[in-house]
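Hello,

Here is the structure I promised to pass on. Please open it and keep it beside you as you read. My notes follow below.

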Amino acid sequence: MSRAVRKIAFFSLFFFCVSGAFSSSAQSCYKAGQEQQELKNWYEAVECYLEAVHINPSYGDAYFALSQCSYEMEEYQLALTYLDMAAKYIRNKAELLNLRGFIYISLGMIPEAKEAFEKVLESYPNNVQARFGLAELEILDGRVAGAEKQFLQALQRQPFDYKVLVSLALVSDSLGKTSEARNYVNRALQYYSGNAEVYYLAAYLAKKQGDSDTAEEYVRSAIKLDDSYIDAYKLLTSILYDEKRYEEVLELCSFLISKDRADSDSWYMRGLSLAALDRIPEALTALGTGLEINPDDEIMRAELELLVCENTKVEDSRRFEWAAYHLKRAKEYTDKYFSVQAAYEYQRCLRLNPMDIDSRKAYAELMLSSGYPEAYLSNLEFIQEQGAGNIVIDDIVEGYRSLLYDTISSRWTVDPFYLDKSRWKIGFYYVKPFSESIHSDASRITTLMIGDVFSVSSAVTTKADPVSVANFTEAFQRARKSGYDYFCLVETLETDREITISCNMYSGRTGNAAGKWTVYRTGNSRFSNAVQKIRQSILNSMPYYAKIIARNGADILIDAGRMDGVENDQVWTVFEPEKIRTADFGLGLLYAQKDILGTVLITNAGEDISEGDYSQLGFYDLMNVGDIVLLIPHEEEGGENQGETEDGVVVKQDQVSNNPELVRMLRIIR
């Protein structure tokens, strides 16, 4: 062998060895990433994959895995970038296209997603993942029957695929085909009796159908097959909680917390169970620990705050700590000039800690900047009454008293603080669903929270019932016996990324439908935003009236002001109180033209009360103090289902899932 040939052979062997070591190192990182990805440790998996592509920049499988992890971490644009890089080196077009389709769904690119899945099925008609994608698109568009068709086509090609069978069970159940759903589940269990996931999904479906005994049996079988199946333990926890076996729930929570102390879900369930056992101090500690771990869990925070308001004294020093979260958020909103959201957070802060002087002063300043100097003065006077005034506050109070010496209230010697401005009594109820997979008791907590946030409204008095009703009939009976003008049935649907709250209102007198509001929110603060929107929607829709509380000739005073929507030059119509009543259908007041006594032209709209000129109708002046005045609109304005912006997030009604829980479960299966 010549020297040149030997030289070439040597360098070839050298590069082969280096290349082999190079490849082996990248593969080791990739394998480690796969292990972490299997455990759903996305951050650790990403670190391994990034090291793999650093060693081997042409490692297509690692780029694809990075795309999968980014998708799970909701970094959809980044997932798309990694997928484009993987496409340069991977030939398996079906796998790439399916992931691309699911990323497109999350980015709201629906036509592109459909095109990707259909392209897969053109070449691979038996591809189940593509069927899952098209089924999800059907559900997002409100066509569950269309999703069923996709899975039936998949079943024809792969009759023993448990993912298809269980998916068909979930879809059939959603369509009300209970017996067919059970049949699909039984087939899956028959074919895959050793598969823990099949038993878990069968347990979920049984719980959803209200069969808690079967659900418990199935989920315990899943745990037997896989004693590390955390989701199965959590499902068992929710089943036991619904069965009011609280001590067993506490044992399970202790076990789960011992495995992972940062498991906020288990702290939440522990707090619920302790509260149900009336061990309130321990419940507050458990919920507080859960919120330290996951401060953005708004439903857990709502449960904590409801317990605080119901079970602790106003003077409790811990209330300062519990209210601090809302004070911080209020200041953040104030800095961004989001006055509505800031007002809500200050109200929640003062609801938790009415004695918080700093919060009350900040809220007072927000009222002043919003154009309500009397409310500003009233809050500062409250601070003085608590003995927390100082020279600065005393000077401000003295100055504003002088500035506001000629207010409507001072001229008429009426203190608006002592006026009863309540117009309506509304009861809130809920029907407990068989399955609440994200937060147990979410329906109860949402209903109580909606009732609680109405505490700042003077026009509406609310009462939220903590005990569920069986149906509409029971809610109607309770509302009528309680003398409510209206009652609402609240429904809560949530996934780990979105929430939908529906509120159906009925007349407490007739039981007829009066109104319906459905609010969908996603992103940060979705729960609080949805609750705020429900409250505001109800307040905006309620028929409003005021009372005449004083009279001096033609000059009259009514107990409503700018805070209630009163404006100068409005014309209000006067009736005797007994001549108006709630409408039999819808929201409104019934009256007869012959019962009109006269009109009031608003000449000076104050913050809480207003002056006006009375003009009688007819020869005799029949108007008395205590009579009712109505603002009768000439035409309705606005419309429903309009997009709106809150927290900088635009909610588009056409992108709202009609069945978020079904979509969530199908994503787990695939």
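Start with Asp-441: it has a relative accessible area of 8%. The cut-off for buried is under 20%, so Asp-441 counts as buried. Bear in mind that this is a predicted model.

Where is Asp-441 found? It sits in the loop between β1 (424-430) and α24 (442-453). Its side chain makes a polar contact of 3.2 Å with the side chain of Lys-432. Setting aside neighbours within four places in sequence, Asp-441 touches Tyr-241, Tyr-268, Leu-272, Lys-432 and Glu-436.

Next, a helix pair. Two packed helices are described by the angle and the distance between their axes. Take helix α14 (residues 246-259) and helix α15 (residues 264-276): their axes come within 9 Å and cross at roughly 155°. That angle makes α14 roughly antiparallel to α15. The crossing is left-handed.

Which residues meet there? From α14 come Tyr-246, Val-249, Leu-250, Cys-253, Ser-254, Leu-256 and Ile-257. From α15 come Ser-266, Trp-267, Met-269, Arg-270, Ser-273, Leu-274 and Ala-276. By class, this contact has 10 nonpolar, three polar and one charged residues.

Now the whole chain. The protein chain has 27 helices and 15 strands. Its C-alpha trace spans about 125 × 60 × 50 Å along the principal axes. Of its 670 residues, 49% are buried. Take the contacts between residues at least 6 apart in sequence: 60% of them join residues at least 24 apart.

Best wishes

How values were computed:
Residues are numbered from 1 along each chain as its sequence is written. This is a predicted model: local features need pLDDT of at least 70, side-chain atom pairs count only at pLDDT 80 or more; totals for chains, interfaces and linings use all residues. Side-chain values use heavy atoms; hydrogens and water are left out. Helices (H or I, at least four residues) and strands (E, at least two) are DSSP runs, numbered from the N terminus. Buried means under 20% relative accessible area, exposed over 50%, partly exposed in between (1.4 Å probe, protein chains only). A polar contact is a pair of N or O atoms within 3.5 Å; within protein, one must be able to donate a hydrogen and the other to accept it, and residues adjacent in sequence count only if both atoms are side-chain atoms. Contact means heavy atoms within 4.5 Å. Axes are lines fitted to C-alpha atoms, for helices over the stretch in contact, and angles run from 0 to 180 degrees between N-to-C directions. Angles under 35 degrees count as roughly parallel, over 145 as roughly antiparallel, 65 to 115 as roughly perpendicular and the rest as oblique. A crossing is left-handed if the near helix is turned anticlockwise from the far one by less than a right angle, and right-handed if clockwise. Ala, Val, Leu, Ile, Met, Phe, Trp, Tyr, Cys and Pro count as nonpolar, Asp, Glu, Lys and Arg as charged, and the others, Gly among them, as polar.
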